[in-house]
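Colleague: I have this one open now and would like to talk it through. Shall we begin with a pair of helices?

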Amino acid sequence: MADVLESGRAGAGSVVGEGSVDWQKRCVALEMQLLRFRLQAGKIRELLAEKMQELELRVTESDQRAERAKKQIHVMEEKLKHANVQPSANVQPSESENSVFRRYQDLTNQVQEKDAVIKRLEVQLEKQILVRAQEAKIIEEKAAKIKDWVTFKLREVSVVRTPLTPRDSIQLLKKHYSQPQPGGVDRLHHLNVPSQPQPGGVDRLHHLNVPSQPQPGGVDRLHHPNVPSQPQPGGVDRLHHLNVPSQPQPGGYPAAGPFTHLIYKNITVPVYTTLKGKATQISSVPLHDDDSGSEDDSGSLASLRTSTLGPERKGSTPGSPRAVKRGVSMSSISSESDYAIPPDAYSLESDYSEPEHKVQRTSSYSCESLREPEMLEKSGYLLKMGSQVKAWKRRWFILRNGEIFYYKSPSDVIRKPQGQMELNSSCRIARGEGAQTFQLITEKKTFFLTADSPNILEEWIRVLQNIFKVQASSPIAMETTTAKPTVRGWLTKVKHGHSKLVWCSLVNKVFYYYRNQDDKLPLGQLRMCEAVVEEVDRSCDSDEDYEAGGRGFLSSHCTLVVHPREQSPTYLLIGTKQEKDTWLYHLTVAAGSSASFKVGTEYEQLVGNLLDVEGDPDSALWRSESLCFCKDGLRSPLTTLPSEALQTEALKLFKSCQLFINVLVESPSIDYHMSLAQNALQVCLTHPELQNEMYCQLIKQTNRRTPHNSSLTQCWQLLAVCVALFLPQQHFLWYLRQYLQRHADPRSEVGKYAVYCQRSVERTLQNGEREAKPSRMEVLSILLRNPYHHSLPFSIPVHFMNITYQVVGFDGSTTVDEFLSTLTQRVGMRKPHLSGFALFTDDPSGRDLEHCLQPSVKICDVISKWEQALKELHPGKYEGTRIVRLMYKSRLCFRAQAKGETERERLLLTYQVNDEVHQGHFPVNKELALEVAALMAQVEHGDLDRPAPSSASCSSPQPKTQQILLQALGRFYPKHYKQDCSMDQLRDLSERLATKWSVLRGCSASECVRIYLTVARKWPLFGAKLFHAKPLPLSSVEQSQVWLAVNEDGLCVLDYTMVSHLLVTYSYQSVITFGGCRDDLMVVVSQTKEQGIVFSMYSLLYAQTQGIVFSMSKPKV
């Protein structure tokens, strides 16, 4: 250490004389030495702690042994007392007494020796403690001196060279950021509950001041904002966010089946915020508690916690500017030690040690080593989404040294930051829908940020991308692929002496490895094309050299080496032989050398040989015994599987296929075959490793099978069901195509199934694989009719609001978008994004709920999940009798959609509006209700057939006419108007309806529809979607139940008993954030003078913003 200081002083003396000394590099080297000293001190402390524990254990063991010896002595003394033998002086003691006495003396000596050893160890322990304490003190003094010297030299460098911002100079930092940017927009973007008006303008908007008396259902109720829709272009997104389960447009949020495991558990919705008067998507998935989280998000709670800190908490804490000043890296904050760990000091025995790529520093002076200077530091104002209250908060951000700190204002940079963001090569940027919003996705959190202008946004993104480029020391292509991995699992990767437990995945011909199983961005990749893959014999190596990451690999572990072209080799440590065989086979196949190395099973080798001869139809390989049908059962799997459990499952899968094939399909056994097929294919979906095995077994069972009986046909039927769900990987897909091509022949029964399978393979490649097992309808359609004769082998009715339906055909890969394209062409309607119509399903539970289907979801998956949910909810009750009900109706009504409406659209919209009138969700008085009921009766039945009254006959209508009138009243008249009517009142209503209906004689259905919609569109909230909601108990609204009306212009709260009574309206300009709050709906709006009614989760009114929380069912949210 003295040498370092002397060399430093020598360097300081020569700085004036020699201008070639690079002080920055010298400072970096000294900083690294400082970090190494700190690491050494930490290791010394660990060794000291281990030594103390060892000594304490030895002392404890000695005490125990001494205690046992005392007990034995006590027992022997008791025996001597009871012996009642008093030897006289001239009598010699017996041999037993002599042995007992000698034993007593031995035990006494042992106890004395143990006591001496304990004392000696205690003295040694005290000496060790003193020595270690002195060494630690010396190291800390040296570290402080080095730090002071480095700080001094950095100041000199900043004066001599360009005016860079010294990381350790607080004064220069204050001077640099002393000029805040003009602002004030945040007044409408922050949630405040001040008990007393606070001076300071914008500053008081940065806190959520909780009342002094905590209220039940407080801050905790503003968690998990989820918004259930995807905005459509052209401003249509304004009505999406509170609708019944959504219909996102292509490119929206990921598909999540609506009927998975007892409904609603997998509902995921995007999150929206309001920027410049427009709802902007900031996330495609629901927010979590830690998203955009920071200390300032807890408002006054954070302030209270800060104000109550004791002296021990007000010191230098990790993450504070003082900690940053002394060089503590953010990666070491979670460590118990005060010493930062440098990037190259990770233990090679750790499961999560750093990879061999060293992360470069991202401070301001690191740009000198680049060819072109790139800005790696930036500061400025950004809006950050809060964690608990989903409102925007204006914060001052500082990007420095690869880390982002944010404060309330530039003047607060000398204090503890509100939060920090750790940047590394795994971070990524996702642009939002708007031109000024983006997401900064780190390993732990997702931060939602908004810039004041698009130009500022681009500057921040450019600087962040420069940081990521510098941190990635080698150009790793972060390719995002949706392809299914061929094989995956945990392996220990060893390269250049660095070992790391990583999650590995082989996709096509690229080997990716990740830090965690759920990571999207790989740590690195290996191109397998023309790489050399070999097994390494490690049986002669020592166990200690190859134990990796706690996995306990001993001499029995397996090692593979992958040597790509023009790269150094990479070693993979694998725990079991089955895993090794699987990885060796698939890596060898990906490298293109499987035929020469003879890896894999016999069946896999034959398929590889067929690939080498390009599937020559005349090749004798097609007639190989291993590839053809055999009456004997399988004794081992046909493919390489990574575990014994999967090998056992493969044999069970073969038995299930044999039962399906050999049992004749008849009416009594049709459910048995359906269950076998569903269970077998569900196993393959759950374990993708078995999908290749499934295809190999089916192909083997159909290849050269004689005679051509029902068993052969049923095997092809099972293959026809399978190809619509998933496809094999690598060259097994090529083998399947070749096999189907050899058997495709429209003149034979088997050939027709082969042709259908060919079509299904291409459709599955086009639209992707399925998520759920085949439905009952799908299996029955394949078993009971040859799908070759139908281009769309399945069909299902789609119901409309006017009690009509249209049967639409589809196949196993048809998506909802393709299904609706066929439907709209047949019924003469516009596309869904033009008409506002969507496809809905009923709820399996029987409740009055509807589920809007996403365009990318497959129809067969919807039906299968619906059937599965029905079976879980009602086991055995409706199986085989109740099927899913598809409904096509309007989901969104906008004024712009009225242009270009077709006759069919207007007719269906009229019936849908009348259904709202019938349910009492549309405000009409009794007289108007009769008039619109007469219009609907004219549309439904035409002219009323009323015979002319005669003098002898009664003036009351005929029984048939009376029945029609009562039916019209039941369907078209509001039910709440007639629920308390007597029989005489109903007859009077019928007579009045007949009178109004008679006036419409001669009017066509289209004319009545035009009149109906003209009258309905006069209501200001026409086209709004109404939701039944309950304000929270702490709300200031007296009503216990209300209607939420979401329309084109804003969010309205209506009286539950009188729909026409408007309680309060919130325009979209006042909406800041909206989404889910646990199982309720939360809307954060800015309060104006006109809004006198507040639905609040607190008992106080907010000064600037308010959070409105309504209780409703999750699918409606």
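Modeller: In this predicted model, helix α22 (residues 926-941) packs against helix α23 (residues 959-972) at an angle of about 115 degrees, with the axes 10 Å apart. Axes are lines fitted to C-alpha atoms over the stretch in contact, with angles from 0 to 180 degrees between N-to-C directions, and helices are DSSP runs (H or I, at least four residues) numbered from the N terminus.

Colleague: Which residues of α22 and α23 make the contact?

Modeller: With contact meaning heavy atoms within 4.5 Å, α22 gives Leu 930, Ala 933, Met 936, Ala 937, Glu 940 and His 941, while α23 gives Ile 964, Gln 967, Ala 968, Leu 969, Arg 971 and Phe 972.

Colleague: What about the largest nonpolar core, how many residues has it?

Modeller: The largest nonpolar core has 106 residues, and Phe 511, Met 528, Trp 583, Leu 587 and Leu 839 have the most contacts inside it; such a core is a set of buried Ala, Val, Leu, Ile, Met, Phe, Trp, Tyr and Cys residues joined through side-chain atoms within 4.5 Å, buried being under 20% relative accessible area with a 1.4 Å probe, protein chains only. Helix α14 (residues 710-723) gives the most to this core, with nine residues.

Colleague: Which conventions apply?

Modeller: Residues are numbered from 1 along each chain as its sequence is written, and side-chain values use heavy atoms, leaving out hydrogens and water. Local features need pLDDT of at least 70 and side-chain atom pairs count only at 80 or more, whereas totals for chains, interfaces and linings use all residues.

Note on methods:
Helix = DSSP H or I, 4+ residues; strand = E, 2+ residues; numbered from the N terminus. Buried < 20%, exposed > 50% of the residue type's maximum accessible area, 1.4 Å probe, protein only.
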